[in-house]
Amino acid sequence: MTEPIDTSIYSAVTAAIQTEAQRILAAGLVTAIVGYAASRRNGSTQPIIVTDAAAAEKLIFTPASVNNLALYLTKAKKEIPKKGKIGIVVKGCDLKAIVGLMGEAQLKRNDLYLIGVPCAGVLASTVQPSTALTADTIASKCTECDARLPSDCDYVPNVQLPTQPQLAGKYAVEIARLEALTPAERWAYWKEQFAKCIKCYACRQVCPFCFCEQCLCDRNKPQMVDTTPRPAGNTAWHIVRAMHLAGRCAGCAECERVCPMDIPLNLLNRKMAKELKELYDYEAGFEVNDKGPLTTYTDKDDQSFIK
Amino acid sequence: MQKYISQQNLTTLLDTLIKQGTRVVAPHMNAGVPLYEPIQSAADMATGQLPRRSAKEAFFPVCEDIMSYEKEGQRISLKDIDPARFPETVLVGVRPCDAAAIPVLDEVFSWDYKDEFFLERRKKTTIIGLACTAADDACFCTAVGLFPGETKGSDLFLTPLEDGGYACESYSDKGETLINGNKELFAEPTKTKALSLAEPQTEKIDLKKVKSWLDEHFEDPLWDGIATRCVGCGACAFVCPACHCFDIVDEGTEKAGKRRKSWDACGFWKFTHHASGHNPRDLQPKRYRNRIMHKFKYYDDKFGQTLCTGCGRCVRVCPVGIDIASIVEEISKK
């Protein structure tokens, strides 16, 4: 039996976002607000950039508000004018990415007006956007969420988060399964997954932390990674990405959500996060750190790899 | 020619073809994802879901070698790929939106340059279309002038019947040849009722009107409005049955390697990045505009066809929910 998840607060959250958005736009506190709006398909949403108080009524929050909108704040999105203060609707997982970007000196807290969403969870990418949220249809990342209520925001709708059913952590289960395999079996698993990659780079393009002006994989002098969607280049690409995100990834799982070939990319990031926790007691959170676990050295660092 | 083929006989037909050495490509589950891929047995065919990528890859693979080189001392040898070695193929279980895109692609691959990789595979492939009985709300074939029983592009077209068999009609010599070569498996048409076709919930869009608006609005605030959210990945183009841009790169070492052709997408910033460093499509709205222009204007200007069959794949995969059907509909109302 599929256990339903109570998302009844989302209508109050929507109303509160609209009122606040209208207020801060009308008062000139922000120049634009990045949020979610309804789109054509039943139940679906899409990112929207609202600059006019009259259009604030377009903003909504539903179980289909899946995107991490932090993406639109980075220098990777040159199309969004970064003039003045920008408002943004954030779930806890999205806020962790913003915090990470502040730590990397990509964003300044004072340039942002954070509208935090008390979040009961969003839908998995594998279901239609009109599907009701249940223990089966919820996004994997939400089964392991420790950030339903974002902290230190400029505004958070005053609603009571409903009690959540106990959900089995989907990544923890899958990582345990993979860790129990032999290296050869694990390699076979990832070979099969990476073989599906078509190099559309959706994973990179939605990642808030992939803000490099020019990705290593787009350079051809020298060509570090083969560009064609073949085993060598695909494997190199996904490993390069996992390593580059280690100690940075905030766990929004956007890479996995958008992969048109259903490659479980966030498993790589969760595995790295697990290692970071074990080795450096580091995990992505709501506190801005300008020194990441892999950009600092202390004599307490694990040195067991030196043999 | 109208015929009937039972489910059992369709299985026999495909298994016989496979045994005879014909490559049979069909919707098939690969690591949880439905794709058009060569199958080893008719039992591997899985027509329940729309394949994640279109059928174009039967002619225009995600990546293929087009040449190889070897260097020994001062001697360099180049080796062509011989398209004559491409196998005879039957592409079966093709959705109407996918089959209809193939004749559209014929135009560009046989235009000023004859792409022998595409054309040779095309020549050797018989396409068996399958009427569509399940649409979701991303589907919009009816908006671009097609429908779930569309036979364009199919050599043979199957319509599922209530008894599990299919009404079968041929639309080309290739289709007739396939029937005539396997006469014992086909029966005369029956009176059994056909399953009801899918009903995409979209109204027909006046594509002429769309084109005439596009003719005049290369510069328009619409582009900034709809396309600032585009993140610049290639997902839409790669799952599209009609997008056909490709890149060519050499991969290998100094001693030996391959020249390869692989899918490319106009959404990538690098797509129009010149060697000089200049990029005429420097921002995402200009790239997204090209996507719409190419599909609904340029291709029509050049070949008199629309480069979209309404399969809805781009709508489903877009990371930021960009919906080409609603954009084209909005343009048609301007």
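Reader: Why is Gln18(A) called partly exposed?

Author: Gln18(A) has 18 other C-beta atoms within 10 Å. A residue is buried if 20 or more other C-beta atoms lie within 10 Å of its own, exposed if 12 or fewer, and partly exposed in between, with C-beta atoms placed from the backbone. The count of 18 falls in between, so Gln18(A) is partly exposed. This is a predicted model, in which local features need pLDDT of at least 70 and side-chain atom pairs count only at pLDDT 80 or more, while totals for chains, interfaces and linings use all residues. Residues are numbered from 1 along each chain as its sequence is written, and chains are lettered from A and ligands numbered from 1 in the order in which they are written.

Reader: How do you know which residues Gln18(A) is in contact with?

Author: Two residues are in contact if their C-beta atoms, placed from the backbone, lie within 7 Å. Leaving aside neighbours within four places in sequence, Gln18(A) is in contact with Ala56(A), Glu57(A) and Leu59(A). Gln18(A) has its place in helix 1 of chain A; helices (H or I, at least four residues) and strands (E, at least two) are DSSP runs, numbered from the N terminus.

Reader: What makes Lys199(A) buried or exposed?

Author: Lys199(A) has 26 C-beta neighbours inside 10 Å and therefore counts as buried. This residue lies in the loop between helix 4 (183–195) and helix 5 of chain A, and its phi is positive, near 55 degrees, although it is a residue other than glycine.

Reader: Why is helix 6 of chain B called roughly perpendicular to helix 11 of chain B?

Author: Helix 6 (residues 207–216) and helix 11 (residues 324–332) of chain B pack at an angle of about 80 degrees, with their axes 8 Å apart. Axes are lines fitted to C-alpha atoms, for helices over the stretch in contact, and angles run from 0 to 180 degrees between N-to-C directions. Angles under 35 degrees count as roughly parallel, over 145 as roughly antiparallel, 65 to 115 as roughly perpendicular and the rest as oblique. The angle therefore makes helix 6 of chain B roughly perpendicular to helix 11 of chain B. The contact is made by Lys209(B), Val210(B) and Trp213(B) of helix 6 and Val328(B), Ile331(B) and Ser332(B) of helix 11 of chain B.

Reader: What makes helix 6 of chain B roughly perpendicular to helix 9 of chain B?

Author: Helix 6 and helix 9 of chain B pack at an angle of about 90 degrees, and their axes are 9 Å apart. This angle therefore makes helix 6 of chain B roughly perpendicular to helix 9 of chain B. Among the residues that make the contact are Leu207(B) and Leu214(B) of helix 6 and Met293(B) and Phe296(B) of helix 9 of chain B.

Reader: How many residues are in contact between chain B and chain A?

Author: In this model, 35 residues of chain B are in contact with 34 residues of chain A. Helix 9 (284–303) and helix 11 are among the elements that give two or more residues to the chain B side.
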